[in-house]
Amino acid sequence: MFNFSSGGDEGVFLPEREEAYFSGFARMFKISNIDRYFLPTQKGSMPIPVLKNYKKGLDRIAKDPRRVFLEKTEVTREKIAKGYGARADEIAISRNTTDAISQVLYGIDWRRDEEILCSTLEYPNCIATIRRVACRFGLTIRQFGVPSRHDTHAEEIVESARRGIVPGKTKVMFFSAPAQPNGMMLPFRRLARLAQHYGIITVVDGAHYGGMFNPRLDDTGIDFWGISGYKWQCGPGGTGILYVRNALLESNNTPLPRFNLVRSADLHAPIDGSRPLDFDIGAALSHYGFPESADLRALGEACEIWDRAGRARIERYILWLADYAREKLVAVFGEHALLQACKDEELKSGLVAFNPFPEKEQRRDLQLAHRFNARLSRKYGYRLGYGGIGLNGFTRDPEPDAGRFYEGCVPNRNALTNEPEPEDIPFRFGTPVWINRKDIDRFIKACRKTLDSVA
Ligand SMILES: Cc1ncc(COP(=O)(O)O)c(C=O)c1O
């Protein structure tokens, strides 16, 4: 089928060669109108060989339900760990990112009046969990703004986070990498170092990290990652990866945080949140009843396909395409159209956020955004993610600041003063492995025509 070994993982980047390689890779997917499907941000699609074996697996279990496991979970965890730069005991299989993050946040050993420091760019599912956890354990939620000018550099974001730390009170720093509302990669290694300095636990929402980036989780210095199995990683729906740092590492040699298992059938696991040296926490967290194990096996196989294609190569292609898309958007709609940092390499991802409307009021008009999105989808077959979390973010009625945000905005805050600084309504797309520059050109042309017809 696809020739995985056709070179290129290292050395110079040759655009034509990479496009040819990934157009072959694209043939492994069944996605209809694949050249118009830019939403791995919502859901990817299983590569055909994975899908075939998945169906076979479902069939086998349907015929012999007592079998339950097609593959031992430790085998799947081992496969995932290899591609993700971690050890198997640090990897648990979750149901998705939301599930992983919920388990982590409910599992932290909270004390009343402690604080959780979050970026302003968090996803609704995690905002919902954080609010519930804060209410249940009597915590304060504090936010740090994420500057998102085109020339923002990583250290500004670190400084913003530093301002939000209350030594002795801040227990957890939570952020997404990359962030969904405007697609910016947050400088997770720097933020991890900052957190370690203050003895703070780091929890990262990496819904878009796996499958987009070449993950070396043990090198990140982060304590907990929640990662989607079915977005960029293209595993089956209802699978996710939960990383728990389970040793003192070069990137993070702070003591392991106490961590309570919220969902585990392991009768031998510690019941008090302690972490004995040889405790396989990944196994304990992956042991929770009878799964549809064809799912789990397929996630491992999707990971293996990514490994064979070369994760560094995939990352480089995705980021290069996103750069291309950003340049084109600016050329066609002007500088204002790009709603994310685009100079500092550390802050870039394969998620592009833009708003093509020329006037400020138009870029804040949710009705207009609905119309743009509906027409682009109806007439040209492109579906975009759009809008920010707006008034449903961390700040909401009856808090006085809520009135300074508006529906659909990215509820950002000033990095120095922490004052509300709502940002324009973003439209979002990803640059997955199955598209190329021509697909992007066609898409931007469709955006241009759509803009002309609705503005
Ligand atoms: C940043 C971010 N976090 C979490 C989620 C939820 O992911 P999942 O479906 O894996 O729970 C999403 C979904 O798009 C997201 O964009």
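Modeller: Domain bounds here come from an automatic or database domain assignment. Please keep in mind as well that the model is predicted.

Biologist: Which residues belong to domain 2 in the domain assignment of the protein?

Modeller: The assignment gives two entries, of which domain 1 covers 67-302. Domain 2 is written as two segments, 312-387 + 425-454.

Biologist: How many residues does the contact take from domain 2?

Modeller: The centres of domain 1 and domain 2, taken over C-alpha atoms, are separated by 29 Å. On the side of domain 1, 19 residues take part in the contact, and they divide into nine nonpolar, eight polar and two charged. From domain 2 the contact takes 21 residues.

Biologist: Where do the buried residues of H14 lie, seen down the axis of the helix?

Modeller: Helix H14 spans residues 437-454 and reaches 26 Å from its first C-alpha to its last. Its buried residues are Asp-439, Ile-440, Phe-443, Cys-447 and Thr-450, whereas Lys-438, Asp-452 and Ser-453 are exposed on the other side. Helix H11 (311-333) and helix H13 (366-380) are included in what covers the buried residues. Seen down the axis, the buried residues of H14 fall within an arc of 95°, so they line one face of the helix.

Biologist: Which helix do the buried residues of H2 pack against?

Modeller: In H2, the buried residues are Val-50, Tyr-54 and Gly-57. They fall within an arc of 60° seen down the axis, and therefore line one face of the helix. The face turned away from that buried side carries the exposed residues Lys-52, Lys-56, Asp-59, Ala-62 and Lys-63. The partner of the buried residues of H2 is helix H10 (293-309).

Biologist: Which helices each supply at least two residues of the shell around the ligand?

Modeller: The ligand is surrounded by 13 residues, the closest being Asn-96, Thr-97, Thr-98, Tyr-123 and Ala-207. By class, the shell has three nonpolar, nine polar and one charged residues. The helices that each supply at least two residues of this shell are H4 (97-107) and H5 (124-137).

Biologist: Does Asp-113 count as buried or exposed?

Modeller: Asp-113 has its place in the loop between H4 and strand S2 (115-119). Because Asp-113 has 10 C-beta neighbours inside 10 Å, Asp-113 counts as exposed.

How values were computed. Residues are numbered from 1 along each chain as its sequence is written. This is a predicted model: local features need pLDDT of at least 70, side-chain atom pairs count only at pLDDT 80 or more; totals for chains, interfaces and linings use all residues. Helices (H or I, at least four residues) and strands (E, at least two) are DSSP runs, numbered from the N terminus. The expected span of a helix is 1.5 Å times one less than its number of residues. A residue is buried if 20 or more other C-beta atoms lie within 10 Å of its own, exposed if 12 or fewer, and partly exposed in between; C-beta atoms are placed from the backbone. The arc is that of the directions from the helix axis to the C-beta atoms. Two residues are in contact if their C-beta atoms, placed from the backbone, lie within 7 Å. A residue is near a molecule or strand if its C-beta atom, placed from the backbone, lies within 6 Å of it. Ala, Val, Leu, Ile, Met, Phe, Trp, Tyr, Cys and Pro count as nonpolar, Asp, Glu, Lys and Arg as charged, and the others, Gly among them, as polar.
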